[in-house]
Amino acid sequence: MRTQEIEIMRKAIATSFLAMSGWMAMSAPTYAEWSANIGYASEYFYRGIYQDESSASAGIDFESNGFNIGTWVADVGDGVETDVYGGYTFSGDDWSLGLGFTGYYYSDDFDDTYEEVNFSASWSFISIGYSVGEWDGFGTPQDYDYLELG
């Protein structure tokens with residue numbers, strides 16, 4: 001996917017979030033929840049790619065009426081990975097559909113920035129996720145996509 005298409009998709013998602021938040025504010029009872037996490041991994045792999053021998057991490061999340069936003073930080077040896085994410089999930093008794101954005105940002109030239117749009121769907125015990133994004137590539141941007149089944 002080209003950079004221009006990704007930018008159009010980001011603007012469409014932002015507009016959709018604003019419209020949905022207005023609708024939700026008028027029609028749904030308010031539900032909000034904060035959560036936090038802290039962890040340690042003896043080996044840190046992400047999507048099958050080695051990150052570091054060990055990693056300490058922490059994060060904080062906010063969810064309200066299907067909307068979610070959060071951040072997560074991890075030590076990656078030669079710097080810090082900071083993730084920022086948000087989205088909206090529609091759900092029923094045994095199904096869900098989600099749309100969101102995730103940005104992965106690194107310090108100290110460990111890696112370069114990744115920004116992606118995420119789609120998800122689940123039914124009963126089956127789930128599928130698809131992410132499409134762009135890696136800044138230290139001055140040579142590269143588009144990518146990622147599919148996961150669970």
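This is a predicted model: local features need pLDDT of at least 70, side-chain atom pairs count only at pLDDT 80 or more; totals for chains, interfaces and linings use all residues.

**Entry 1**

I looked up the strand order. I found 8 strands in an open sheet, in the order S1-S4-S5-S6-S7-S8-S9-S10, with antiparallel pairing. Which strands are at the edges? They are S1 (32–41) and S10, and each of them pairs on one side only. I also looked up the angle between neighbouring strands of this sheet: the average turn is 15°, with direction ignored. I noted the general rule that strands of a sheet pair through backbone hydrogen bonds, either parallel or antiparallel.

I then took one pair in detail. S4 (residues 55–64) and S5 (residues 67–75) run antiparallel and are joined by 8 bridges. For Glu63, I found that the bridge partner in S5 is Asn68.

**Entry 2: two loop residues**

I checked Asp108, which is in the loop between S7 and S8. Its phi is near 55°, a positive value in a residue other than glycine. Is Asp108 buried or exposed? Asp108 has 60% relative accessibility, so it counts as exposed, the cut-off being over 50%.

Next I checked Ser124, in the loop between S8 and S9. Ser124 is not a glycine either, and its phi is positive at about 55°. Ser124 counts as partly exposed because its relative accessibility is 47%, and that class runs between 20% and 50%.

**Entry 3: the largest pocket**

I looked up the volume of the largest pocket, which is about 280 Å³. It is lined by 22 residues, and the closest to its centre are Gly100, Thr102, Asn118, Phe119 and Ser120. Strands S6 (80–91), S7 (95–106), S8 (114–123) and S9 (126–135) each supply at least two lining residues. Which strand gives the most to this lining? It is S7, with 6 residues. Sorted by class, the lining has 8 nonpolar, 11 polar and 3 charged residues.

**Entry 4: the second largest pocket**

The second largest pocket has a volume of about 240 Å³. I listed part of its lining, including Tyr46, Arg47, Tyr104, Asp111, Glu116 and Tyr144. The elements that give two or more residues to this lining are S3 (49–52), S7, S8 and S10 (142–149). S10 has the largest share, 3 residues. By class, I noted 7 nonpolar, 1 polar and 4 charged residues in this lining.

Notes. Residues are numbered from 1 along each chain as its sequence is written. Side-chain values use heavy atoms; hydrogens and water are left out. On a 1 Å grid over the protein atoms alone, a cavity is a set of points where a 1.4 Å probe fits but cannot get out, and a pocket is an open set with protein on both sides within 12 Å along at least five of seven lines; lining residues have an atom within 4 Å of a point. Grid points are joined across faces, edges and corners, and a volume is the space filled by probe spheres set on the points. Helices (H or I, at least four residues) and strands (E, at least two) are DSSP runs, numbered from the N terminus. Ala, Val, Leu, Ile, Met, Phe, Trp, Tyr, Cys and Pro count as nonpolar, Asp, Glu, Lys and Arg as charged, and the others, Gly among them, as polar. Two strands pair if DSSP finds at least two bridges between them. Axes are lines fitted to C-alpha atoms, for helices over the stretch in contact, and angles run from 0 to 180 degrees between N-to-C directions. Buried means under 20% relative accessible area, exposed over 50%, partly exposed in between (1.4 Å probe, protein chains only).
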